[in-house]
Amino acid sequence: MSKLLVTGGAGFIGANFVHYWLAKYPQDRVVVLDALTYAGNMASLAGILEQDNFRFVHGDIGDEDLVATLLREESLDTVVNFAAESHVDRSIHGPDPFVTTNVVGTHSLLKAAKKVWLDGGSGRPHRFHHVSTDEVYGSLTPEEPPFSETNAYAPNSPYSASKAASDHLVRAYHHTYGLEVTTSNCSNNYGPYQFPEKLIPLIILNILEAKPLPIYGDGLNIRDWLYVEDHCRGIDLVLQKGRVGEVYNIGGNNEWTNIEIVRLVCGLVDQGIAASEILRQRFPHSPACLGNKAESLIAFVKDRPGHDRRYAINAEKSRNELGYVPQESFETGIRKTIDWYLANEDWWRAVMNGSYRDWLEKQYAD
Ligand code: NAD
Ligand code: TYD
């Protein structure tokens, strides 16, 4: 039986991980620590909050005393650190919270783990797993091979620079103090509970409301997309079989340009609306209700400053050492994702009515 501290467990991937973990390991205990920033949402943990083997703590990973107390009083043996500021565009407009949470916050978490698990010679079995991103490796040209774990770090945005710094601190706490760490660097995720400032949910929801679909630059930037549950499965494998001190890349072997993704989502949403009278009643402004195509909403807008051209992951190490293979195809994963947003209007309406709308309007007003 494991006892996990899942930081950022009310965010997109963290919440998916908690659902995944407690369904697979119902005998385990999970404590979520989440600051409930604009990206954190208790509604993403619906159905879990009442379970006896679950506890939600509203707090900051930067609160070292709180984290140490939780590790001690709950006898936790595993930290899975999802807590972060995660959106590149926000990091361009305001980098400070990225340094505060991703760098200083991760360092506080490491200090608390060291204090409870190592200092005083407790020698308790433990694992500190840090969730990171492929963006730390920088940008690829079309010809370059995908990122492997030995690529040099070359982060280009304040977001990726802050994640890179946190990765280095995690590594240092292993080499210097012997903290038992693992790190995973993952490509772009999509799926349920993703905050609709990220490309795929933004496009789905904007189509439903007939809002422009903003494509940065020429739309030919490439990302390697992974269904979120496959990421959770990859982290599970790292926790079960990963070697301490090692880094594992997790990816989907699934490279798409942004414009291809947007066209795919447009086509699938059009089909869904055309096939369902109920959806036409619920989303009367959606282009398919008026006999138009969602693609007509595509709007090429000013490029993101410093926009990385291409990310792609070489996940061979994870496959060879851990047996990691993504299970969801892009076709099925995108369909599931669209269906989830169609079925969970209350979730995204609540999110859209919150601070996000104000932030988005301000961004486009600049
Ligand atoms: P998210 O923005 O959806 O969620 C982040 C969560 O962390 C939120 O619940 C937020 O309230 C919480 N949080 C923020 N600051 C905190 C703090 N100081 N203390 C405690 N909680 C805090 O992010 P996500 O997309 O779920 O990403 C999770 C992790 O995975 C991040 O570390 C991110 O860098 C990494 N990652 C994300 C992707 C992706 O495509 N989304 C890909 C690779 C890696
Ligand atoms: P995003 O979901 O923000 O993830 P990341 O920047 O971490 O890769 O963006 C994915 C890609 O989509 C990225 O190349 C930027 C682009 N993009 C747009 O073209 N328009 C948008 O409105 C957004 C949010 C992203």
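What you have open is a predicted model, where local features need pLDDT of at least 70 and side-chain atom pairs count only at pLDDT 80 or more, while totals for chains, interfaces and linings use all residues. Residues are numbered from 1 along each chain as its sequence is written, and side-chain values use heavy atoms, with hydrogens and water left out.

Select Y153 to begin. You'll find Y153 in the loop between strand 5 (127-133) and helix 5 (158-177); helices (H or I, at least four residues) and strands (E, at least two) are DSSP runs, numbered from the N terminus.

Next, pick helix 1. Of its 13 residues, 10 are buried, so helix 1 is largely enclosed by the rest of the structure. Buried means under 20% relative accessible area, exposed over 50%, and partly exposed in between (1.4 Å probe, protein chains only). Colour a few of the buried ones, including F12, F17 and W21.

Back at Y153, the relative accessibility is 26%, so Y153 counts as partly exposed.

Last stop: the cysteines. A disulfide is a pair of cysteine sulfur atoms within 2.5 Å, and a search of the whole structure finds 0. C186 is in none, the nearest cysteine sulfur being that of C232, 9.3 Å away.

Technical notes: Chains lettered and ligands numbered in written order.
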